[in-house]
Amino acid sequence: MPTLEELRHEVALLHRELTRYGLVSWTAGNVSARVPGEDLMVIKPSGVSYDELSAESIVVCDLHGALVEGDLRPSSDTAAHAYVYRHLPEVGGVAHTHSPYATAWAARGEPIPCVLTMIADEFGGDIPVGPFALIGDDSIGQGIVETLRGSRSPAVLMRNHGPFTVGPDARAAVKAAVLLEDVARTVHFAHQLGTPDTIDKQHVDHLYARYQNVYGQ
């Protein structure tokens, strides 16, 4: 299992992936990771430039969002991340972005339909929409948990806000965020040409099982 310092270093590096793939602007967005075996998480500090992030600047909080270690204030989404960790024990990482195409679907309050094999592979079906919730307390976390508990998707489009993704670790959550934006863009383009056909559930189940259990090394 990674140590606390290794997790802080990894989470700092993973934020570079958000800027690399154009998923965030300015200081928006955040990545967190659960500390294995502890009721703790590490998360980006609030309002800090991505260029200034380091392992030392990543803060440690308990699973109620209280600062445990670090000199900076935690992200404004900390309570949401903490709620997810408290209620979804299988989740080891959470990412939040305002990536433009996925956020456009969230602004419309419309799920992204499963019309691509990549959506079936990574998300296991339609990518769901969560309820509108205000930032600052655990309301967003409640919406994430309520939505994802009934879905195989590691992503939820929080209405009028943007996407949150989860995974067994922080890297998996960031990967889901990258793939989410890719399919959100492609399905948007497809809708400009007409109405794409959804994939039959039996094929979705087959694709999801193969990708999750067979694909890769």
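These notebook entries record what I looked up in a predicted model.

**Entry 1. Ground rules.** I note that the model is predicted, that local features need pLDDT of at least 70 and side-chain atom pairs pLDDT 80 or more, while totals for chains, interfaces and linings use all residues. Residues are numbered from 1 along each chain as its sequence is written, and side-chain values use heavy atoms, with hydrogens and water left out. Helices (H or I, at least four residues) and strands (E, at least two) are DSSP runs, numbered from the N terminus.

**Entry 2. Helices α2 and α5.** I recorded the crossing of α2 and α5 as right-handed, that is, the near helix is turned clockwise from the far one by less than a right angle.

From α2, the contact (heavy atoms within 4.5 Å) is made by A80, Y83, V84 and H87. From α5, I listed I140, G141, Q142, I144 and V145. By class, the residues of this contact are six nonpolar, three polar and no charged. Here Ala, Val, Leu, Ile, Met, Phe, Trp, Tyr, Cys and Pro count as nonpolar, Asp, Glu, Lys and Arg as charged, and the others, Gly among them, as polar.

**Entry 3. Helix α3.** In α3 (residues 100-108), I found A102, T103, W105 and A106 buried; buried means under 20% relative accessible area, exposed over 50%, and partly exposed in between (1.4 Å probe, protein chains only). Seen down the axis of α3, these buried residues fall within an arc of 155°, so they line one face of the helix. The arc is taken over directions from the helix axis to the C-beta atoms. They pack against β7, β8 and α6 (170-193). On the other side of α3, A107 and R108 are exposed. Just after the helix, G109 has a positive phi of about 65°.

**Entry 4. Positive phi outside glycine.** W26, a residue other than glycine, has a positive phi near 55°. I located W26 in the loop between α1 (4-20) and β1 (30-35), where W26 is exposed at a relative accessible area of 80%. N160 also has a positive phi, near 60°. N160 lies in the loop between β7 (155-158) and β8 (162-167) and is partly exposed, at 49%.
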